[in-house]
Amino acid sequence: MAEINACSGNMTGVEIADALSKEFPEGLTITSFAPKRIYAQAGKEIFLDIVKFMKDELDFDHSSLVSGMDMGDRIQAIHHLTSYRNNCCLIEIVVDLDRDNPEIDSITPLYEGANYTERETYDMLGIVFKGHPNLKRIFLPEDTQFYPLRKDFKLKEGP
Amino acid sequence: MNDNPNAVAMNSKDFMSWSTGVIDDILRATMAKKAIDKLMLPFWNWSQRNSMYPLHFGLACCALEMAASAGPRWDTERLGIIYRSSPRQCDILLLNGWISKKVRPALRRLYEQMPAPKWVVAMGECSISGGPWYDCYNVVQGGDTFLPVDIYIPGCPPRPEALIDGFLKLQKKIRAEAKGPFLED
């Protein structure tokens, strides 16, 4: 069986990319796309509007992963959303954040499954998700003072 | 508690500690305690080392070796090693895996919940010294930083044979410790 039934969708990646760039002519750049994959770069002001549009209009019903990346001069929040109805299409939305004050809107009110992954990203990189119901440390003890996946975090010197 | 206790005026807690003290004094003064210790020690020691009950508590991948050693192929039960689920019924705490900073207080609490003749076995590199997570920001560098470890079993993970060998070493240690029924002196 090549494809399961739920994946026999009606919109291809190209059509979704067209709809997105028509709805958000400014602030959203589609960097590349393939039949089932879209890679986009978004501004942090319209990020929540984009996710709302993806969920309500384009049937993206699953937040696959919320993660982050420290690029040295800036911090990126990376969201992966997938859609079962649109041919299992996956979109990656990258948002550049200020390194000193990384703040982004939380998507937990839209996707409950993003709760723990957002907490993990906060734990490892220190990205603050505004509107998250319970933004606390999840893996490390609560009195930890550092963010271990940042590039300037140093392990203690060995012998 | 006053020096001349009046049994009518004591509450139950005071009476318990006072009567325990009196019995202990009599046993010591008549040398009965030493005699009981000496008489009972071989039997006590034999039963201690042939009924080692480790706590059935898995931390990481070494717990699979623990499970394999309890299974029919290696079958530690023939040596009297039975895994129990409650720390109140156990006398060995088996550290099997890396100890994160969040699980450390829970482990210490489990150790303190176990009744008195108790031993700690560290199994695998992680619980001996941190192992692959040496210098990690979230892993305790060895179980002996907060627990009195008796036996170290190296390996990553150790084979079930190595685990059984460690338990046999612990049997030798219990025999050499030779603690009597009163667990003192």
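# Exercises on a predicted two-chain model

A:Gly27 has contacts, beyond its neighbours within four places in sequence, with A:Ala42, A:Gly43, A:Glu45 and A:Ile46. The exercises below start from this residue. The model is a predicted one.

**Exercise 1.** Describe the secondary structure of chain A and the confidence of its prediction.

*Solution.* Step 1: count the elements. Chain A has 3 helices and 7 strands. Step 2: read them in order. Along the sequence the pattern is α-β-β-α-β-β-β-β-α-β. Step 3: look at the extent. The C-alpha atoms of chain A fill a box of roughly 55 × 35 × 35 Å along the principal axes. Step 4: look at burial and contacts. Of the 159 residues in chain A, 30% are buried. Among contacts between residues at least 6 apart in sequence, 48% join residues at least 24 apart. Step 5: check the confidence. The average pLDDT of chain A is 86, and 92% of the residues score at least 70. Over residues 1-8 of chain A, pLDDT stays under 50, and the model has 5 contacts beyond four places in sequence for this stretch.

**Exercise 2.** Which residues of the largest nonpolar core touch the most other members, and which elements supply the core?

*Solution.* In soluble globular proteins, nonpolar side chains tend to be buried together. Step 2: name the residues. The largest nonpolar core has 31 residues, of which A:Met54, A:Ile91 and A:Ile127 touch the most other members. Step 3: name the elements. At least two residues of this core come from each of helix 1 (13-23), strand 2 (37-42), helix 2, strand 4 (75-82), strand 5 (90-97) and helix 3 (114-125) of chain A. Step 4: follow one member. Beyond its neighbours within four places in sequence, A:Ile91 contacts A:Ile38, A:Ala40, A:Met54, A:Phe60 and A:Leu81. Step 5: look for another core. A second, separate core has 30 residues, including B:Ile92, B:Leu107, B:Met123 and B:Leu147.

**Exercise 3.** Find the backbone features that depart from the general rule.

*Solution.* Step 1: state the rule. Most residues other than glycine have a negative phi, and most peptide bonds are trans. Step 2: take phi in chain A. A:Asp59 is not a glycine, yet has a positive phi of about 65°. A:Asp59 is in the loop between helix 2 (47-56) and strand 3 (62-70) of chain A. With 16 other C-beta atoms within 10 Å, A:Asp59 is partly exposed. Step 3: take phi in chain B. B:Asp75, a residue other than glycine, has a positive phi near 50°. B:Asp75 belongs to the loop between helix 3 (62-70) and strand 1 (92-96) of chain B. B:Asp75 is partly exposed, with 13 other C-beta atoms within 10 Å. Step 4: take the peptide bond. The bond from B:Cys156 to B:Pro157 is cis, with omega near -10°. B:Pro157 is in the loop between strand 3 (151-153) and helix 6 (160-177) of chain B.

**Exercise 4.** Describe how helix 3 of chain B packs with helix 6 of chain B.

*Solution.* The helices pack at an angle of about 80°, and their axes are 9 Å apart. Step 2: classify the angle. Helix 3 of chain B is therefore roughly perpendicular to helix 6 of chain B. Step 3: list the residues. Helix 3 of chain B contributes B:Glu65, B:Met66, B:Ala68 and B:Ser69, and helix 6 of chain B contributes B:Pro160, B:Leu163 and B:Ile164. Step 4: sort them by class. The contact has 5 nonpolar, 1 polar and 1 charged residues.

**Exercise 5.** How many residues of chain A are in contact with chain B?

*Solution.* Step 1: count both sides. 6 residues of chain A contact 5 residues of chain B. Step 2: sort the side of chain A. This side has 4 nonpolar, 1 polar and 1 charged residues.

Definitions and conventions
Residues are numbered from 1 along each chain as its sequence is written. Chains are lettered from A and ligands numbered from 1 in the order in which they are written. Helices (H or I, at least four residues) and strands (E, at least two) are DSSP runs, numbered from the N terminus. A residue is buried if 20 or more other C-beta atoms lie within 10 Å of its own, exposed if 12 or fewer, and partly exposed in between; C-beta atoms are placed from the backbone. Axes are lines fitted to C-alpha atoms, for helices over the stretch in contact, and angles run from 0 to 180 degrees between N-to-C directions. Angles under 35 degrees count as roughly parallel, over 145 as roughly antiparallel, 65 to 115 as roughly perpendicular and the rest as oblique. Two residues are in contact if their C-beta atoms, placed from the backbone, lie within 7 Å. Ala, Val, Leu, Ile, Met, Phe, Trp, Tyr, Cys and Pro count as nonpolar, Asp, Glu, Lys and Arg as charged, and the others, Gly among them, as polar. A nonpolar core is a set of buried Ala, Val, Leu, Ile, Met, Phe, Trp, Tyr and Cys residues joined through C-beta atoms within 7 Å. pLDDT is the predictor's confidence in each residue, from 0 to 100.
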